[in-house]
Amino acid sequence: MTPSNAASSPDPTVQPVPASVVRQVDAADSTLHNPKRAVLSIGANLGNRLENLQGAVDALEDTPGVRVKAVSRIYETSPVGVPEGEQPDYFNAVVLVKTTLPPSSLLERAQAIEEAFERVRDVRWGPRTLDVDIVSYQGVTSAEPALTLPHPRAHERAFVLVPWHDVEPGAEVPGHGPLRELLPTVERAGVRLRDDLTLVLPD
Ligand SMILES: Nc1ncnc2c1ncn2[C@@H]1O[C@H](COP(=O)(O)OP(=O)(O)OP(=O)(O)O)[C@@H](O)[C@H]1O
Ligand SMILES: Nc1nc2c(c(=O)[nH]1)N=C(CO)CN2
């Protein structure tokens, strides 16, 4: 923002804005000029899994203050945390975004996108049309139950680390280490590339 200058303005209704006020407004607005990088994990094991994941990518891109920078390949993955055979396989992918939203607003938006796909939350780790988790937000750490950063289970989930490595091989999970060191520690047998399918990065 540039301070308005009454002397150079022909419009008598334009009042000069003191430079100190301009500085305060600009400081409060600094996130607008300073987008943060966030990593989101998307998953679906009900309905049309491919359409649900693509819908999540499109809805993220349609969000003011969010820009989708990269989308991983799609993996078909065995459900983690439930007895074998109890749930259909997931499609999982990872989306990198740049955002001017603070973490709490990004989570609200992620949850609104899940709701739009009629996700029902009844049992923990139950099957779902769409799950959108914040894996990491610009190295921020938080132990808040409502928003734990990085995601508390991301570092042990092959269905997160494998697609994340596709799009950001040099990344690290804050507090846990680089992806290339974490990947050999996780069980990858249940994570199968679906190279016949792709997610489209919105224009
Ligand atoms: N990084 C995070 N991303 C998304 N949700 C989070 C995060 N940290 C904490 N939460 C909280 O977790 C709650 C449960 O989220 P959700 O229903 O998506 O869990 P889940 O996908 O079943 O399991 P998991 O958390 O193991 O992925 C949400 O209401 C949210 O407030
Ligand atoms: N394969 C797979 N398993 C899961 C997934 C997921 O996205 N993929 N999400 C869960 C809760 O977030 C629990 N288990």
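Is helix 5 (residues 158-167) mostly covered or mostly uncovered? I opened my notebook with that one, keeping in mind that this is a predicted model.

**Entry: helix 5.** I found helix 5 mostly covered, with seven of its ten residues buried. I listed the buried ones as Ala158, Phe159, Val160, Leu161, Val162, Pro163 and Trp164. Next I looked up what lies over them: the cover includes strand 1 (36-44), strand 3 (75-77), strand 4 (90-99) and strand 5 (131-137). Helix 6 (179-182) and strand 10 (191-193) are also among the covering elements.

**Entry: the whole chain.** I stepped back and noted six helices and ten strands. Of the 203 residues, 32% are buried. I also looked at contacts between residues at least 6 apart in sequence, and 69% of these join residues at least 24 apart.

**Entry: the core.** I turned to the largest nonpolar core, which has 44 residues. Leu40, Leu53, Ala56, Leu60 and Val95 touch the most other members. Helix 5 turned up here again, supplying at least two residues of this core, as do strand 1, helix 3 (49-61), strand 2 (66-71), strand 4, helix 4 (103-116) and strand 5. I then picked Leu40 and, leaving out residues up to four places away in sequence, found that it touches Val94, Val95, Val97, Ala110, Val132, Asp133, Ile134 and Val135.

**Entry: Thr129.** Where is Thr129 found? I located Thr129 in the loop between helix 4 and strand 5. Thr129 counts as buried because 20 other C-beta atoms lie within 10 Å, and 20 or more is the cut-off. Last, I checked Thr129 against Leu46: they are 83 residues apart along the chain, yet their C-alpha atoms are separated by 4.6 Å.

Definitions and conventions. Residues numbered from 1 in each chain as written. Chains lettered and ligands numbered in written order. Predicted model: local features only at pLDDT ≥ 70, side-chain atom pairs only at ≥ 80, totals over all residues. Buried ≥ 20, exposed ≤ 12 C-beta atoms within 10 Å, placed from the backbone. Helix = DSSP H or I, 4+ residues; strand = E, 2+ residues; numbered from the N terminus. Contact = placed C-beta atoms within 7 Å. Core = buried A, V, L, I, M, F, W, Y, C linked by C-beta atoms within 7 Å.
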